[in-house]
Amino acid sequence: MKHILMALGALILSSAATAGDFRIKEEDASSLSVEYTGMVDFDDVDKWLSVVEKADGRVIILTINSGGGYAYAGLDLYWALERYPNLITVGGKDYGAWSAAAIMWCAGDLRTLEHGGGQVWFHAG
């Protein structure tokens, strides 16, 4: 029974941790610093659009720390991010932008890596 409860707890924690999320870390009069974490999924475009609404034309510095997710959701996010005129995308150092998250990273007007080990990874499969 103990093992079943531990497995159930791990499943609950891992499923909650995988949902993609945009979190505003800092903001001032000219920019918003946003971090994306979790798995790239189809409802992420709606989450992005709420960030865009809050930004109101300011520069968005988007740090991506995600192992990827659904490829087509990554493409949907690419097109949504690409439409924003003031976007800087950053491959994060905590996890980086992998797979579908790397597609998102390509949408930035300026694409860079976080100091201290930021990374972006594509793969063929």
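**Exercise 1. Work out how Lys 47 and Asp 44 are paired, and where they sit.**

Step 1: Look at the charged ends. Lys 47 and Asp 44 form a salt bridge, and their closest N and O atoms are 3.7 Å apart. That passes the test for a salt bridge (a side-chain nitrogen of Lys or Arg within 4 Å of a carboxyl oxygen of Asp or Glu). The model is a predicted one, where local features need pLDDT of at least 70 and side-chain atom pairs count only at pLDDT 80 or more, while totals for chains, interfaces and linings use all residues. Residues are numbered from 1 along each chain as its sequence is written, and side-chain values use heavy atoms, with hydrogens and water left out.

Step 2: Find the two in the chain. They are three residues apart in helix H2, so about one helical turn separates them. Helices here are DSSP runs of H or I with at least four residues, strands are runs of E with at least two, and both are numbered from the N terminus.

Step 3: Check the cover. Asp 44 is buried, at a relative accessible area of 0%, whereas Lys 47 is partly exposed at 26%. Buried means under 20% relative accessible area, exposed means over 50%, and partly exposed is in between (1.4 Å probe, protein chains only).

**Exercise 2. Trace the salt-bridge network of Glu 27, Lys 54 and Arg 58.**

Step 1: Start with Lys 54. Its side chain meets that of Glu 27 in a salt bridge of 3.5 Å, N to O. Glu 27 is in strand S1 and Lys 54 in helix H2, 27 residues apart, so this pair links distant parts of the chain.

Step 2: Now take Arg 58. The closest N and O atoms of Arg 58 and Glu 27 are 3.1 Å apart. Arg 58 lies in the loop between H2 and S3 and Glu 27 in strand S1, so this pair ties together parts that are 31 residues apart in sequence.

Step 3: Compare the cover. Arg 58 counts as buried at 16% relative accessibility, but Glu 27 is partly exposed at 41% and Lys 54 is partly exposed at 43%.

**Exercise 3. Describe the aromatic pair of Trp 48 and Tyr 84.**

Step 1: Know the rule. Rings of Phe, Tyr and Trp (its six-membered ring) pair if their centres lie within 6.5 Å; planes under 30 degrees apart are stacked, over 60 edge-to-face, and the rest tilted. By this rule you get seven aromatic pairs.

Step 2: Apply it. Trp 48 and Tyr 84 are 6.2 Å apart, centre to centre, with 90 degrees between the planes, which makes the pair edge-to-face.

Step 3: Trp 48 lies in helix H2 (residues 44-55) and Tyr 84 in the loop between helix H3 (71-82) and strand S4 (87-91), so the pair ties together parts 36 residues apart in sequence. Both residues are buried.

Step 4: Widen the view. Ring pairs link Phe 22, Tyr 36, Trp 48 and Tyr 84 into a cluster.
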